[in-house]
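Here are my notes on the two-chain model you sent. Please read them with the structure open.

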Amino acid sequence: MSQRNRLEGGLIERRRPLSFSFDGKSYTGYAGDTLASALLANDVRLMGRSFKYHRPRGVFSAGSEEPNALVELRSGARREPNSRATVTELYDGLKAESQNKFPSLRFDVLAINDALSSFLSAGFYYKTFMWPSAFWEKVYEPAIRRAAGLGRLSGEEDTDTYDKGFLHCDLLIIGAGPSGLAAALTAGRAGADVILADEDFLMGGRLLAEKDLLSVRQGSDWTADVIGELSNLPNVRLMTRTTVFGQYDHGIFGAVERVLDHVLEPQPHKPRQVLWRIHAKRALLTAGATERPIAFENNDRPGIMLAGAMRAYANRWAVTASKDVVIFTNNDDGHRTARDLSANGVNIAALVDCRTNAPTWKEFEVFSGGEIINSRGRLGLRSVKVRLQDGSVKEIACGALGLAGGWNPNVHLTCHKRGRPVWNKAISAFIPAPDGDPLLRVAGAAAGIFSTRGALKSGAEKAIDALEDLDISAHMPDLPEAEDAPINAAPFWYVKGGKGRAWLDLQNDVTVKDIKLAHQEGFKSVEHVKRYTTLGMATDQGKTANIGALAVLADLDGKAIPDVGTTIFRPPYTPVSIGAFAGRSRGKEFRPYRLTPSHKWAEEQGAIFVEAGNWLRAQWFPIEGETHWRQSVDREVLAVRKSGGVCDVTTLGKIDVQGADAAEFLNHIYSNGFAKLPVGKTRYGLMLREDGLAMDDGTAARLAEDHFVVTTTTANAVSVFRHMEFCRQCLWPGLDVQLISTTEAWAQFAVAGPNARKLLQKIVDPAYDISNEAFPYMACGEVTICGGLRARLFRISFSGELAYEIAVPTRYGDALIRRLMEAGREFDAIPYGTEALGVLRIEKGHAAGNELNGQSTAAMLGMGRMVSQKKDSIGRVLAGRPHLIREDDYRLVGLTPVSADSTILAGAHLMNIGEIASAANDQGWVTSTAYSPHIGSSIGLAFLKKGDQRHGDVIRIVNPLDDGDIEATVTGPHFIDPEGERLRV
Amino acid sequence: MSDHILTPLTALGKTTSTTDIIGGITLCENPNFAIASLAVRQGRGQDLQTLLTPVLDGELPGPGRAVLSESATAIWTGNGQWFLMAPLSEHPDYAAEIKDLVKDTASVTEQTDGWVIFDLTGDDLVPMLERLCNLNSKALAAGHATRCLIEHLGCLIICRESGRNFTILGPRSSASSLHHTLVTAAHSVA
């Protein structure tokens, strides 16, 4: 008979048996089980191995605080390590594997670490592996990395789907136990917009795990009634399987909803998990409390668990970890466990209560004033050793031991915004600071109110209180009569004496000894102890460990626990899959991309694309026979200079500037003058930042007296627009000027080369004369093309050739590039990509991003005289600072290698011949380089000290990274047509 | 209307609009919207309103609102700024048309090709919208319109019928990315 530890009753569906496997062995459980409850039902206590010592471990809790029962769920790419069996909802076909073991869970060779424990004490890795130092990288670190960690990642791409979203509510209630349900009922009936979230797959919290909390009926019935009512209220959203894992600023909470973790495999496109960002006007934390253990020697064996968890397993899941159980407690709650188990037919071999005045029961023996001092059982608990009040020692056979050390309110979320909990002596625990956060109230056990009656009442009251802030009137609902037992506990954290190890942090294998050693070695601050021993730094964040460690530290220092302090709880409350954080943003959808209007056509041409910000731009267009990018780029460059080429320049920022004061506005924005730019003309402009350094360059075309179109570089499109908006709204609100981006609205193509005009004359409708006389260099205007389509034409050039830019509404961009290429066929016009664009501009000596790097002045760029002193413009005054205009500053120059087969590298530094290559002798640096098919060698642009006075000099280009050291001749920055004659033909 | 020889493509790069029917959700690219942006010139708010009243059958919308009139849709996009939308087939040069109407009371800029427009219809679109943008989507009612971020993209959303009919405007160059996001979210909840 399987499920030998299954009891009567419970909230499981016995008519729905489920089969599952653990470490390859098949078992059955029921719908409503967790993996942990189903394993316990099948008498499986050994579920894992510990982190450091590889000690056998079993389930310790019945909730998300679980430190031990961590398994790998699913297989292949869907494998998920470190999954807590206690919150893994059982489904048919579930496959789980234990982890951190080799070769098997029962026989793990790394358990040798347990025998070597004296070498693996706190901070051992700071003390060992020190010699020989060369071994660290090659030997020690790889070995430690192999041994470290618990579960294994599959190393494959996660095939599951994740999603994310946003929720808004008046009141977010975190936790659906008695106080959370009472709060939801109160707020829901008041008509407030409510979200009630619980990490469990059933709502009810401890009401599901306990008997007789409510006097008239079973707690679970009242729960069902309330949930039934809430689910019929349209203003209440019930979210099960949802962990609110973090609180952030301004009432924002992070939550992860495990939508389909409880099915074998989600349907295609359906997310396994959804990450929610919840905007709550008010929130109520009703997250309950976590029971704490009592530490003693060898307190980590499978079968040793929290007493409250034992009770939950018995009452909710109808399971006991063993038919023979001992309870060790310091409070009345331990007695409740013993009585519930006993009532379920479990043999309570003994109840050991450290208090000398413990209550007694006829059903089982109670040892008042006793302590458990040790345990036995290699792969599972076989017996415990009890020191009785009289000092005698008694060994009691048992398969499970329940530890009841009192309860800690789950204050975690109240600490995420730096709230510090306060010590409550009555319950010997930290509780949230009263009135600590106006946005987040706390009720029930999370506030340290442990009686059911108190929890229900405080939940309703806090909901009323929170809604009052929002001017929503709510009323106390009728609440059921409930248990109202006082707290009767004696603080007791760990059993003193004994030579062995007593575990505090089960997941990271931190013992009382480790804390003592850390303290002895000078780590007194709780924050230092945490980091030195790794206490509380495992995936469970020490939910069952921290308070015990504080108690040990307090004893060592002779202080009270609150004087020792606490570490900070940070999000997430429980681990969240990285996939959930990514949501839909994965693979090539990691971020949105932007496509140019000619993208489809460029793809058809076999273009190679490059990312420019979010844009995908054609980098070059290989043709048949070309095997290297340089072949394509050289061909494109030569073709443009020889006849003509077309390049999609839509990505350049376009800002529509209108208004009666548009010209004055631009006159302030640009360092050079724009007020007198005639309609139908374009002007190159340089923008400075307030500090006088160059910000961006571009052109502004005047389409009408009150209408300009400003172009920016691709990279600075957004920042320039933002800058101009700031100036408009904040600096000169009195100017009548309006701005809007039109980058996306127009498809714009550069048509460059000696035949550019002839090509365009085939496109532009004959009514528009674009001859050199009628449409000279820097002209602009609105035209029609191809029989009547509205277009804008600008005679501007980035390549240094006769060139135009033509813009049409974007939807016609694809048709236009096809038409341009067709019209250009007779001129052998080619499409060219960003790489050729770059070569052309370097040959022409135009500055781009490499030169406009935020450190360049107008003078450095050779544009010092463009900063007009006749008007005020942004950056003018500070551009005149003496060190920015000194004569010996850097100046933009061109470089050609003395030996034509040498290659100039961007980023290399310039040194004088005969001087040592050192920072002190640095003369400048190379900003942009390209192979120039026009020059027939590598060329470069560079900033060189006094560069404008050194044309013709030979200088060294030094690249210490690969010992490069070549000689180059300094030239002007214009390698072609320095007089600009080609532009004007 | 000119009879030029160039064939337009939709923002998704097709010659006809793309429709996706996913469960009860219909997502349709709508290329038949002309858009003109409107920015009031200094001190001319009342004059602008007077000129536009016949077109909008009322006042220009305030923050977070749209006017959905017979002849045009107007959306508030910023302080003193609106988008006006009308069928493209009937208004091929809408910006010029509006400029003629408002004269020097406002700056008008053609925005038709700056955006991709998706019409979203279904019985309950709230679960899908919740996954897309940080709006209290269940509270959106007909005539609400606002800017919002969808997967890093600055978008505009117009509610035509609460929970059932929305228009989403996104940057045209990212139409494919936005479409992917909308389709993924629709599959997620369908």
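1. Start with a helix pair in chain A. Asp514(A), Ile515(A) and Ala518(A) in α12(A) meet Val529(A), Tyr532(A) and Thr533(A) in α13(A). Contact here means that C-beta atoms, placed from the backbone, lie within 7 Å. The residues of this contact divide into four nonpolar, one polar and one charged. Ala, Val, Leu, Ile, Met, Phe, Trp, Tyr, Cys and Pro count as nonpolar, Asp, Glu, Lys and Arg as charged, and the others, Gly among them, as polar.

2. A word on the basis. This is a predicted model: local features need pLDDT of at least 70, side-chain atom pairs count only at pLDDT 80 or more, and totals for chains, interfaces and linings use all residues. Residues are numbered from 1 along each chain as its sequence is written, while chains are lettered from A and ligands numbered from 1 in the order in which they are written.

3. Now the geometry of that pair. Helix α12 (residues 512-520) of chain A packs against helix α13 (residues 526-533) of chain A at about 120 degrees, with the axes 10 Å apart. That angle makes α12(A) oblique to α13(A); angles under 35 degrees count as roughly parallel, over 145 as roughly antiparallel, 65 to 115 as roughly perpendicular and the rest as oblique. Axes are lines fitted to C-alpha atoms, for helices over the stretch in contact, and angles run from 0 to 180 degrees between N-to-C directions. Helices (H or I, at least four residues) and strands (E, at least two) are DSSP runs, numbered from the N terminus.

4. Next, the barrel in chain A. Six strands close it in the order β43-β46-β45-β44-β47-β48, with antiparallel pairing. From one strand to the next the twist averages 45 degrees. Strand β43 (residues 890-897) of chain A and strand β48 (residues 964-971) of chain A are joined by four bridges. Two strands pair if DSSP finds at least two bridges between them. Gly894(A) has Thr971(A) in β48(A) as its bridge partner. Helix α23 (residues 834-844) of chain A lies across β45 (924-932) and β46 (937-945) of chain A, at about 120 degrees to β45(A).

5. Turn to the domains of chain B. Domain 1 covers 19-31 + 114-189 and domain 2 covers 33-110; the bounds come from an automatic or database domain assignment. Their centres, taken over C-alpha atoms, are separated by 23 Å. Eleven residues of domain 1 of chain B are in contact with ten residues of domain 2 of chain B. On the domain 1 side, β8 (115-122), β9 (145-150) and β10 (153-161) of chain B each supply at least two residues. That side has five nonpolar, four polar and two charged residues.

6. Check the hairpin in chain B. β1(B) and β2(B) form it with two residues between them, and Gly23(B) in the turn has a positive phi of about 60 degrees. The two strands, residues 19-22 and 25-29, pair in the antiparallel sense over four bridges. Ile21(B) stands opposite Thr26(B) in β2(B).

7. Which helix of chain B gives the most to the side that touches chain A? Helix α4(B) does, with eight residues. The contact takes 40 residues from chain B and 41 residues from chain A. The chain B side divides into nine nonpolar, 23 polar and eight charged.

Note on methods: Contact = placed C-beta atoms within 7 Å.
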